[in-house]
Amino acid sequence: MSIDQSRLLRTAVPGPRSVALTERRRAAVPAGVGSTMPVWAVEAGGGIVVDVDGNRLIDLGSGIAVTTVGASAPRVVAAVREQLESFTHTCFMVTPYEPYLAVAEALNRLTPGDHDKRTVLFNSGAEAVENAIKIARSATGRTAVVAFDHAYHGRTNLTMALTAKNLPYKHGFGPFASEVYRAPMSYPLRDGGIDGTPDGAAAAARAIDLIDKRVGSDNLAALVIEPIQGEGGFIVPAPGFLAALAQWCRDHGVVFIADEVQTGFARTGAMFACEHEGVVPDLIVTAKGIAAGLPLSAVTGRAELMDAVHVGGLGGTYGGNPLACAAALAAIDTIETDGLVERAQEIGALLVDRLTALASVDPRIGQVRGRGAMIAVELVRLGTLEPDPALAREVAAAAHRQGVIVLTCGTWGNVLRFLPPLTISDALVHDAMDVLESVFADAAPGAGARIARATASVG
Ligand SMILES: *Cc1c(COP(=O)(O)O)cnc(C)c1O
């Protein structure tokens, strides 16, 4: 690794060169494209992003769960370079090429379940989600689709309809695709039931009852769900919730689609998050971590569903681009060869350890949750479950100024999420957590006194 794996602040963050580029950007890029930090990257790898001012930032975002194997993983760089010199594109729908086939075979092997599978490749997560629904509708002859509270499935028209949150994803962009229905999610922190015990089976029964009444299983082509919700706030459903839904889908001929765009490829300490619950989806959608940053996505699923679509019904000019396929094969090889599933578990244990210690002295952290290297803290007002997005913004901004890239998420924007590349060192995780600790201690003057007085605890 040529990039020094330590945090370094040479200038204020953002530095003068970043400030100048941000100025230039205003005249060239629409305001509608947001950026977490106004800091411009020149180099990235391991657990570090280097900016144009020479600052080295600790990466706890992986470009939103994409660079799982690192942003300049040696095997990926070599494989893409080699493919680049052979050809950049022929279009799989014109003259196919083997790297596409090899990615399909790898996904058929790695995804949950040992049934006969097929895989089709696309470019983005949203495009793959849309195609999973096309496949489910074609295979079942039904039209309705169920998605969940707090869901995020993308920004195209059909996936905006599936996504739950209005601002910033949907506001002003309607009308949305029809035949999309919403069901209640299992959200243990906010879903404690009468005795405060989150119960996955009960949450599933509640969702199924509403689906039955509002839609009717005979009309329902597919149920699409993130096994751990990403943008919605890293919500881990109560144990048994996913399995009960999957069973109900099986019993009623409904296609169970797992959107593992954010959770896939070792992120959660398993190759796929469904494995934690022993759930075998009919279709699984992957993207983000699949190809170390090159645009690639996939739908993998039961052969009889996938093969139900007429010839020519699936495709796209760039889907399964050869450079992206070469990157995916090298990324998968890196995950398997370097034991990154286990590494995600180690990083997760480290994060949970540090964050739990922080939560024990700062009850504004309502819950520490997640799996593997997909961990979050949900921030609440003292002694309540009331979301505190202002605190999340303040803490994230202060961490950014200290050279730590941290992202927020959640329906209320009150969740800090940690998604480091699995190539990050323990030392960098500790340094980032030290920064976070100091930032929480500094956040909101007087908070310390309020914490000392508070007796209620939540989560
Ligand atoms: C990011 C994401 C998507 C959309 O992926 P894009 O590549 O941005 O289109 C869909 N589903 C989930 C769960 C995601 O996290």
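The radius of gyration is taken over C-alpha atoms, and the globule rule is 2.2 Å times the number of residues to the power 0.38. The protein chain has 459 residues, so a compact globule would have a radius near 23 Å; the chain has 22 Å, which agrees.

A word on the source. This is a predicted model: local features need pLDDT of at least 70, side-chain atom pairs count only at pLDDT 80 or more, and totals for chains, interfaces and linings use all residues. Residues are numbered from 1 along each chain as its sequence is written, and side-chain values use heavy atoms, leaving out hydrogens and water.

Next, the box. Along the principal axes, the C-alpha atoms fill roughly 65 × 60 × 45 Å.

How much of the chain is buried? Buried residues make up 54% of the 459. Buried means under 20% relative accessible area, exposed over 50%, partly exposed in between, with a 1.4 Å probe and protein chains only.

Now the rings. A pair of aromatic rings is described by the distance of the centres and the angle of the planes. Rings of Phe, Tyr and Trp (its six-membered ring) pair if their centres lie within 6.5 Å; planes under 30 degrees apart count as stacked, over 60 as edge-to-face, the rest as tilted. The structure holds 8 such pairs. In one of them, F92 and Y97 have ring centres 5.6 Å apart and planes at 85°, so the pair is edge-to-face. F92 is partly exposed, at 28%. Y97 is buried, at 8%. F87, F92, Y97 and Y100 form one aromatic cluster.
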